[in-house]
Amino acid sequence: MAPKEKKKTKRPNDVEKSLEPELVYEDIVDETDVLELNLYSDINDDFFNEANRVVQFLMEAKRHFEASRIKRYSDIIFNLHRRYVDEVNDNEVLRPQILSSENKLRFALELTAASDEAMQKLKDTLGDAWKESDASALREQLVQEKLQEVLIKCEGLADRNSGTTDDAAEFGHLAKY
């Protein structure tokens, strides 16, 4: 029996490597640290142009899955960035109005506090005035009562003396007859 000859076959990994050419992408060196990225100014047209260049490169290399994923993420980032820029711009417009409103609110609160303090003083003063008015009315009533008592006593004395004073003055001791 003759020994069987082994057929040499290429391994699947070798096939894949031979089918996919090595990708060489000319990368423009970007020194920006991702954590220090300014979302307002660093993500700009150049950023999205570079992303589109990567997508185009992958499409030419027939790497459609990777290209579609990068394109999708690039579109998501573009929409988020557009909304973020709109919000920042709106915020810049509204910031002076917010500061003005805060100052007006602070002034209104200070004015309200001063007004509350003045109202409390007015209430206290009004309470004191009512107390003094009540005390004055009571004193007036007491004086009126004393005056009435004095008038009643004076009338009583006048009545007792009135009968004797008119006739008695003329006739003296004979006035009783």
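Predicted model: local features only at pLDDT ≥ 70, side-chain atom pairs only at ≥ 80, totals over all residues.
F47 is partly exposed, since its relative accessible area is 33%, a value that lies between the limits of 20% for buried and 50% for exposed residues.

Two aromatic pairs are counted in the model. The term edge-to-face applies because the angle between the planes is over 60 degrees. F48 itself counts as buried, because its relative accessibility is 8%, which is under the limit of 20%.

F48 also takes part in a pair with F78. The centres of these two rings are 5.1 Å apart and their planes stand at 85 degrees, so this pair is edge-to-face as well. F48 belongs to helix 2, whereas F78 belongs to helix 3, which covers residues 64-171; the pair therefore ties together parts that are 30 residues apart in sequence. F78 counts as partly exposed because its relative accessibility is 39%. Through these ring pairs, F47, F48 and F78 are linked into a cluster.

Helix 2 spans residues 45-60, and Q56 has its place there. With a relative accessibility of 45%, Q56 counts as partly exposed. The C-alpha atom of Q56 is separated by 9.5 Å from that of K71, a residue 15 positions away along the chain.

The next feature is found on the surface. There, L39, Y40 and Y84 form a nonpolar patch, and together they have about 280 Å² of accessible area. L39 is located in the loop between helix 1, residues 12-19, and helix 2. L39 counts as partly exposed because its relative accessibility is 42%; membership of a patch requires over 30%.

These details can now be placed within the whole chain. The chain contains three helices and zero strands, and its elements run α-α-α from the N terminus on. Of its 177 residues, 5% count as buried, and F48 is an example of a buried residue. The accessible surface of the chain comes to about 16500 Å², and carbon and sulfur atoms account for 57% of this area. Among the contacts in the chain with a separation of 6 or more, 58% are between residues 24 or more positions apart. The pair of F48 and F78 likewise joins parts that are 30 residues apart in sequence.

Terms used:
Residues numbered from 1 in each chain as written. Heavy atoms only, no water. Helix = DSSP H or I, 4+ residues; strand = E, 2+ residues; numbered from the N terminus. Buried < 20%, exposed > 50% of the residue type's maximum accessible area, 1.4 Å probe, protein only. Phe/Tyr/Trp six-rings, centres within 6.5 Å; stacked < 30°, edge-to-face > 60°. Patch = residues over 30% accessible without salt bridge, like charges linked within 9 Å, V, L, I, M, F, W, Y side chains within 5 Å. Areas by Shrake-Rupley, 256 points an atom, 1.4 Å probe, with all protein chains shown as cover. Salt bridge = Lys/Arg side-chain N within 4 Å of Asp/Glu carboxyl O. Contact = heavy atoms within 4.5 Å.
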